[in-house]
Amino acid sequence: MCGIVGYVGSQSALDVVLAGLKRLEYRGYDSAGVAVLADGGLASARKAGKLANLEKELVERPLPAGATGIGHTRWATHGGPTDVNAHPHLDNAGRVAVVHNGIIENFAELRAELAERGHVLESETDTEVVAHLLAEEFSGCAGLAEAMRLVCRRLEGAFTLVAVHADEPDVVVGARRNSPLVVGVGEDEAFLASDVAAFIAHTRSAIELGQDQVVELRRDGVGDGVTVTDFDGRPAEVRSYHVDWDASAAEKGGYDYFMLKEIAEQPKAVADTLLGRIGVDGALTLDELRIPAAVLKEVDKVVIVACGTAFHAGLIAKYAIEHWTRIPCEVELASEFRYRDPILGGRSLVIAISQSGETMDTLMALRHARDQGATVLAICNTNGSTIPRESDAVLYTHAGPEVAVASTKAFLTQLVACYLVALYLGQVRGTKWGDEIRAVIRDLADISGEVERVLETMEPVRTLARSLSDKRTVLFLGRHVGYPVALEGALKLKELAYMHAEGFAAGELKHGPIALIEDDVPVVVIVPSPKGRSVLHDKIVSNIQEIRARGARTIVIAEEGDEAVVPYADHLVRIPATPTLLQPLVAAVPLQVFACELATARGNEVDQPRNLAKSVTVE
Ligand code: F6R
């Protein structure tokens, strides 16, 4: 939540910062602002609403040109989305500017202290106190980096801070605790950003920052001019890495929305997540896991923690893990996990699933798990992010950057990664034969082509979605792995189309939700394969008849060749036949397309749904 950019170099800081903010707007779009150091002073502009409002303001009231600057795009926490609450925040003399992502928990106390000392704070934000504290510390110490260290030691909560001071025109300083910040190192320039997407057009060379670290970028000798210390000023070890995707991956590439592009990228993303993980003999080679086989053999319980769409991936993974390994598996919303005092120990394997790798709820859950002695494996899409860094091991999904707020390709690749982990556990523990594992891997390898085929047949789904744009409610039903798919379909529709949408286990319908069925309510039903557990298939066909008898308009997602559902489907969406456990990889796709099209028909902003942000770094 909130996107931050800092720049020092030889280009126009304003241009670099605005271009970076554009790439980070997915993180929040309640307001935006910039500050540049120029002509011995500091100039800033900020505006409520999307970045476009700020750009308009800058055309009407241009800032002077400078080569050092910072910027921010906000997801509001403390204080509404107004001009005054927009970042950057300045001290009273207008010499310091600061942008912030996170929450400073002791801000009320600090604010009262500052007021007593005569400071006048104009916004309702927690951030403004930092600008004032930095100004106070700066006057008595060795520079902005030292001032930042002193201030950070007084702050409680989670924060990324990036600041500039008019008296140090060649310096940008950043700090982080429990909130993301990466450094980009160019030829004669350097960057700070919440995400590498902000500077990928300039450099693919990045530095990870650890917890409780302060970084100083200096124009003189940029590159070598990057200094990282802890909050006490001790030099910190720096880990550099190369970003393995380029600027074009973070562009829309001719699509109207990132979401459409990301849906279309799924066949490749799925294939990429399998790449290099299957040996010549067809066995799995997940050496990157770095969890010794001896530890995996001893695991007596798997617990998956995740949020939102990643949680739905976890719910599906449970079926595969328990079926293939016979290890009990629990799946828990990360935001609930640590508050119920979960039973964990040295033999527990906790799997934290997160696209961004920064979700605070998931991070807190994994920290709790590690404190209890559990081994933590992250399934993550973002290299160098906090969740994999704090886990014992990581399996990266290779979905490439996901920019649209609604997760699509990350979901499919999280599923693939979960299947790989489940199979690997089965391989190491000997609960699955080699030829069984090879057969599942062959099926997984086919999925990329199957998803491609689904995408080629989506026009009727789009037409159907448009025809339902004035409905108030859409329900989703599934059984077995189709149940989490139903939850995911409902989540996509809620967040994008702002409609009442709910997913149910089809068997639960008769225990209450069937009362929601009335004339012409659209109900999407995900039908399991008739070839797998035929008992499941027969039961859901009965469920379809029950709701149809009560007036529902049935939208049936069923595999090719399933003729039993035809008489009961008002609309039939065909998906390729797959093994039962892998069906979510193809069944989720029409639901993504459905939600995207329905949202478009309702005139909603597909990539930036209201009230949401891509990376949720507050609890
Ligand atoms: C929904 C969506 C969210 C995320 C959730 C977890 O489309 O994207 O529900 O899945 O916020 O985010 P990550 O995976 O980054 O931890």
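Tutor: Ring pairs link Y7, F191 and F199 into a cluster. Rings of Phe, Tyr and Trp (for Trp, its six-membered ring) pair if their centres lie within 6.5 Å; planes under 30 degrees apart count as stacked, over 60 as edge-to-face and the rest as tilted. By this rule the count comes to four aromatic pairs. The rings of Y7 and F191 have planes at 50 degrees and centres 5.2 Å apart, so this pair is tilted. Y7 belongs to strand 1 (residues 3-8) and F191 to strand 10 (residues 190-193), so the pair ties together parts that are 184 residues apart in sequence. Helices (H or I, at least four residues) and strands (E, at least two) are DSSP runs, numbered from the N terminus. Both Y7 and F191 are buried. Buried means under 20% relative accessible area, exposed over 50%, and partly exposed in between, with a 1.4 Å probe and protein chains only.

This is a predicted model, in which local features need pLDDT of at least 70 and side-chain atom pairs count only at pLDDT 80 or more, while totals for chains, interfaces and linings use all residues. Residues are numbered from 1 along each chain as its sequence is written, and side-chain values use heavy atoms, with hydrogens and water left out.

Another pair is formed by F159 and F231: the ring centres are 6.2 Å apart and the planes are at 15 degrees, so the pair is stacked. This pair links distant parts of the chain, 72 residues apart, with F159 in strand 7 (residues 157-165) and F231 in the loop between strand 13 (226-230) and strand 14 (239-242). F159 is buried, with a relative accessible area of 0%. F231 is also buried, and its relative accessible area is 6%.

The UniProt annotation "domain: Glutamine amidotransferase type-2", from an unreviewed entry, covers residues 2-220. UniProt positions are given in the numbering used here, feature names are shortened, and annotations may be inferred rather than shown by experiment. The span of residues 2-220 is 24% helix and 34% strand, and its end C-alpha atoms lie 29 Å apart.

Some loops deserve a look as well. D39 lies in the loop between strand 2 (31-38) and strand 3 (41-48). Phi of D39 is near 50 degrees, a positive value in a residue other than glycine. At 73% relative accessibility, D39 counts as exposed. P88 is in the loop between strand 4 (68-74) and strand 5 (89-90), and a cis peptide bond with omega of about 5 degrees joins H87 and P88. S123 is found in the loop between helix 3 (107-116) and helix 4 (128-139). With 3% relative accessibility, S123 counts as buried. The side chains of S123 and T125 are joined by a polar contact of 2.8 Å. A polar contact is a pair of N or O atoms within 3.5 Å; within protein, one must be able to donate a hydrogen and the other to accept it, and residues adjacent in sequence count only if both atoms are side-chain atoms.

Further along, Y498 sits in the loop between helix 16 (482-497) and strand 21 (500-505). Phi of Y498 is near 55 degrees, again a positive value in a residue other than glycine. At 24% relative accessibility, Y498 counts as partly exposed.
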